[in-house]
Amino acid sequence: MNNTIRLLIVLALFSLAVSGCRSAIATTTEVVAVQAKTVPAAPTDAAWNNAPEHPAKLLLQDLVEPRVMKASTAEVRVRAITNGTEVAFRLEWDDPTKNDVPGPARFMDACAVQVPAKLEANVPDPQMGGQGKTVEITYWRADWQASVDGRPDSLKEIYPNASINGYPFEANSLEKGSAAQQEMATRYAPARAVGNRRVGAREASVEDLIADGPGTLSPAPPAGSKGKGAKSDKGWSVVITRKLPNGLAPGVRTQVAFAVWEGAHNETGARKMRTGWVPLLMKGAEAK
Amino acid sequence: MARVHNWQLGREMSYWYPESRPNKQFAAVFDTNKCIACQTCTLACKTTWTSGVGQEYMLWNNVETKPYGFYPLAWDLKLLEMLDGQKWSEKEYEGQKLHTYEGQTIFESAPAGERVLGWRPEDQDYAYPNVGEDDCSGQVDGGASYSLQHMAQHMAWFYYLARICNHCTYPACLASCPRGSIYKRPEDGIVLVDQSRCRGYQECVKGCPYKKVFFNSMTGTSEKCIACFPKIEQGIQPQCFENCIGKIRLAGFINTPDKAQADNPIDYLVHIRKVALPLFPQLGLEPNVYYIPPIHVPHSFTKQMFGPGVDDAVKTYRNAPNDPDLQGLLALFGSSEQMMTRWRRQGDFVSGMKDDGSEVVRVPIKEPVHVRQPYDRLYQITRTNCP
């Protein structure tokens with residue numbers, strides 16, 4: 001073997017080693033939200049390259065039943081950008097399967113960002129907060145993303161071969177689009193009738209929630225949070241944008257926690273992979 | 001887990017919440033011997049409650065053909081396989097047989113990390129409602145009769161099992177829901193899913209052993225039989241009861257055995273005559289729909305399904321023609337759409353009454369028999385009965 005070939009082999013091995021690790025990406029031990037004029041809405045926006053990445057290890061939700069007993073998603077890679085009024089988090093995780101079609105025994109890929117409702121030294125329990133220690137949660141779900149991206153609100157989207165004779169709201173006696181027809185349609189859709197829109201047409205792929213402990217999750221007043229998720233062969237890349245948590249300003253530190261649900265592992269509700277609190281630094285001034 | 005008393009097991013058991021019995025408990029008795037699987041109950045329910053988009057597959061009421069029929073597929077077999085040794089012990093006390101369940105309930109055998117032992121059907125499991133489950137698969141004259149000797153290797157019997165939500169005293173759906181979206185009404189014990197609180201986790205679908213909670217893909221929440229509570233609130237029996245042409249059903253309220261009232265029709269059939277038995281009591285939910293077991297089915301099968309009281313229940317039921325009270329009360333089934341929470345027999349008639357004692361209906365225990373002559377002299381025509 002001559003020297004040229006030897007050199008080529010050494011160079012090839014070296015480049016393999018470099019590409020095998022992620023040393024090219026700056027990682028941090030906390031989530032650092034960098035300042036920008038605008039927060040990027042799309043997960044592919046080049047602006048994300050300016051934010052350092054925090055690889056957050058995901059833990060089993062094994063504190064309250066029903067628990068997750070077998071680990072699925074190992075980590076979520078988080079970047080954050082703030083414009084002083086809003087903060088956007090980009091969550092990325094490996095997931096070979098896309099789970100965004102609801103149905104019996106089918107569960108959706110999802111993720112969430114959690115922050116304490118108040119800035120105080122004594123932080124709430126990272127697992128959904130506790131009594132009097134409220135947490136704010138912004139939750140994104142893959143099927144909601146599909147709806148926002150244009151998937152029609154139709155059973156045919158779930159069961160393309162479904163054959164249905166008819167529904168009461170399609171009766172000839174009911175004028176199309178009339179209040180009477182609407183009433184007939186919601187009569188057989190109790191959750192929709194009471195405004196609990198878990199699926200169907202929607203304007204945002206996220207919802208704002210608050211919790212005071214496990215099992216207390218409830219809707220928060222609309223806060224205008226936004227979400228945008230995109231699936232690649234490798235996994236999900238989701239941007240969750242929300243207004244700055246109460247009292248949070250550039251230079252201030254708080255805590256943030258993340259959760260990821262892998263639909264293919266039947267993860268839903270309490271069955272999830274989650275982080276503990278991760279320090280969140282809003283860049284812009286010295287940390288207090 | 002709390003310790004609660006389950007009288008159907010004859011012992012205390014573990015449950016997710018402490019014992020909290022409602023002021024009244026909705027209950028029902030279904031006489032399996034009368035059911036012809038016409039599915040009128042199923043359609044009465046379907047047209048009333050589940051005709052919406054996303055509810056197509058839902059059968060809050062269904063009638064399946066046992067032992068081969070299921071809705072959803074193998075709902076009972078799958079759980080029974082998971083549940084270890086379902087043994088009962090028996091002892092005599094003051095002339096009464098007392099049965100105690102020595103096995104584990106689905107609450108007591110919950111795996112680590114779970115609230116109950118359960119499994120979750122997939123959508124394909126709902127693809128087989130009872131359409132021709134009881135059809136003979138061949139020509140009768142070709143030997144496909146159930147009663148022929150050479151068919152002995154197959155079970156030469158079947159019966160119909162009509163099922164609704166059991167509105168259990170210890171609901172597994174309620175115990176399974178991590179966010180308390182399911183509640184049991186204190187006024188009548190009816191178990192409901194709060195449609196404004198449900199987030200569609202489907203834990204209840206997994207937890208309910210009877211698989212009577214269904215996920216609605218188009219609302220994203222789970223839905224279940226509501227025992228037609230708007231009707232019950234007005235003193236009227238639910239749709240599947242009112243429309244049952246076989247008159248197999250009677251709705252009412254049940255007391256615990258220590259407070260059993262002989263003039264309460266459900267108490268009388270369940271506690272006093274012990275002719276109506278719970279469905280899979282060993283699971284531990286204290287279900288409140290009681291079945292008069294089929295009398296022509298091997299008891300080894302019905303004992304697993306209805307518990308150790310089957311022998312006595314069948315014996316009592318077979319003797320009904322010589323038992324005016326029991327025969328009388330059975331004649332009350334399907335005699336009125338009104339709820340009849342009290343009853344009494346007077347001679348050859350039986351009355352159903354409301355709580356205040358006012359009579360709802362009075363029916364003869366035996367209908368008079370009219371024999372129609374084949375030749376009708378009035379119209380000068382010969383009539384024959386259809387086969």
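Two residues are in contact if their C-beta atoms, placed from the backbone, lie within 7 Å. The views below come from a predicted model, where local features need pLDDT of at least 70, side-chain atom pairs count only at pLDDT 80 or more, and totals for chains, interfaces and linings use all residues. Residues are numbered from 1 along each chain as its sequence is written, while chains are lettered from A in the order in which they are written.

**View 1. Around Ala276(B) in the largest nonpolar core.** Leaving aside neighbours within four places in sequence, Ala276(B) touches Val29(B), Leu269(B), Val270(B), Tyr290(B), Tyr291(B) and Ile292(B). The core has 106 residues, and Ala276(B) is among those with the most contacts inside it, as are Val29(B) and Cys173(B). Such a core is a set of buried Ala, Val, Leu, Ile, Met, Phe, Trp, Tyr and Cys residues joined through C-beta atoms within 7 Å; buried means 20 or more other C-beta atoms within 10 Å of a residue's own.

**View 2. An open sheet of four strands in chain B.** The order is β12-β3-β14-β13, with mixed pairing. At the edges, β12 (249-253) and β13 (277-278) each pair on one side only. Strands are DSSP runs (E, at least two residues), and two of them pair if DSSP finds at least two bridges between them. Here β3 (residues 26-31) and β12(B) run antiparallel over five bridges, and Phe30(B) has Arg249(B) as its bridge partner.

**View 3. Where chain A meets chain B.** Here you can find 29 residues of chain A in contact with 35 residues of chain B. On the chain A side, α5(A) gives the most, with three residues; helices are DSSP runs (H or I, at least four residues).

Notes:
A residue is buried if 20 or more other C-beta atoms lie within 10 Å of its own, exposed if 12 or fewer, and partly exposed in between; C-beta atoms are placed from the backbone.
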